[in-house]
Amino acid sequence: MNISVFSSNKEVSARAAELIAELLREKPDAVLGLATGDTPIGVYEALVERFKRGEVSFRQASAFNLDEYAGLPPEHEQSYAAYMAKHLLNEIDLPLDRAYIPNGLAADLEAESKAYDRLLEQAGQLDLQLLGIGHNGHIGFNEPGPHLHAGTHVVALTEETRDANSRYFDHLEDVPSQAVTMGVGWMMKAKHVVLIARGEGKAAVVKEALFGPITTSCPGSLLQLHPRLTVLLDEGAARDVQGLPGVRYL
Ligand code: F6R
């Protein structure tokens with residue numbers, strides 16, 4: 001595990017974007033695993049800037065998003081499909097038929113999950129999985145609990161997660177109670193996992209996930225077992241890991 005701490009979130013984003021751009025230069029048909037939420041917005045901004053400067057192309061790449069809310073149409077501004085369109089896909093040259101996001105509107109979400117797994121299997125291994133982490137340790141929408149799933153599945157969102165995400169909706173009741181999420185198996189099989197976190201609000205969970213026991217009560221702790229995990233933190237998110245093994249300040 002390699003943990004780099006940057007003095008600002010802008011630098012975290014720039015470094016994550018650089019890792020993705022480097023991968024695409026080496027392997028133009030790379031398979032990317034992408035995340036949503038607040039944290040990666042700066043990464044996508046940096047990638048769009050690089051694309052506009054002609055430094056990176058996604059033309060031959062494919063991308064799989066981690067998750068989608070159940071019941072939100074892609075046009076709903078809080079759907080992850082809309083988020084990806086706004087922050088990345090409308091701005092770059094990645095062919096939309098290779099930008100996969102689970103369909104939260106599918107009548108049969110179990111069948112949708114299986115179909116997503118088949119697409120992931122066909123694509124082979126994810127070359128790089130970008131991840132954020134929830135305050136409760138979730139990765140994707142793999143919530144803390146007695147067990148975790150390897151494959152894509154339907155998940156009931158915890159009240160904590162619904163509460164955290166209610167900032168984007170008018171009312172807490174509007175936050176969907178279910179989602180479809182890639183399972184932890186796909187993340188663990190990715191060739192490279194890049195975990196990003198920012199702000200003091202994430203400091204405790206960052207320490208717990210990276211230095212605490214490996215437990216399904218903190219799904220992010222599984223990442224300690226990943227053979228190639230790069231963690232990029234700003235100073236706030238790194239507050240509780242200062243001086244711990246593998247943590248370097250850039
Ligand atoms: C997003 C996702 C979530 C977020 C996590 C952190 O696709 O799967 O695991 O990464 O909830 O969200 P932010 O970045 O908003 O703090």
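Trainee: How many aromatic pairs does the structure hold?

Mentor: This is a predicted model, in which local features need pLDDT of at least 70 and side-chain atom pairs count only at pLDDT 80 or more, while totals for chains, interfaces and linings use all residues. Residues are numbered from 1 along each chain as its sequence is written, and side-chain values use heavy atoms, with hydrogens and water left out. Rings of Phe, Tyr and Trp (its six-membered ring) pair if their centres lie within 6.5 Å, and planes under 30 degrees apart count as stacked, over 60 as edge-to-face and the rest as tilted. On that basis, the number of aromatic pairs in the structure is 8.

Trainee: Which kind of pair do Tyr69 and Phe169 form, stacked or edge-to-face?

Mentor: Their ring centres are 5.8 Å apart. Because their planes stand at 85 degrees, the pair is edge-to-face.

Trainee: Is Tyr69 buried or exposed?

Mentor: Buried means under 20% relative accessible area, exposed over 50%, and partly exposed in between (1.4 Å probe, protein chains only). Since its relative accessibility is 1%, Tyr69 counts as buried.

Trainee: Over the ring of which residue does the charged end of Lys189 sit?

Mentor: A charge sits over a ring if NZ of Lys or CZ of Arg is within 6 Å of the ring centre and within 35 degrees of the ring normal. The charged end of Lys189 is 4.4 Å from the centre of the ring it sits over, that of Trp186.
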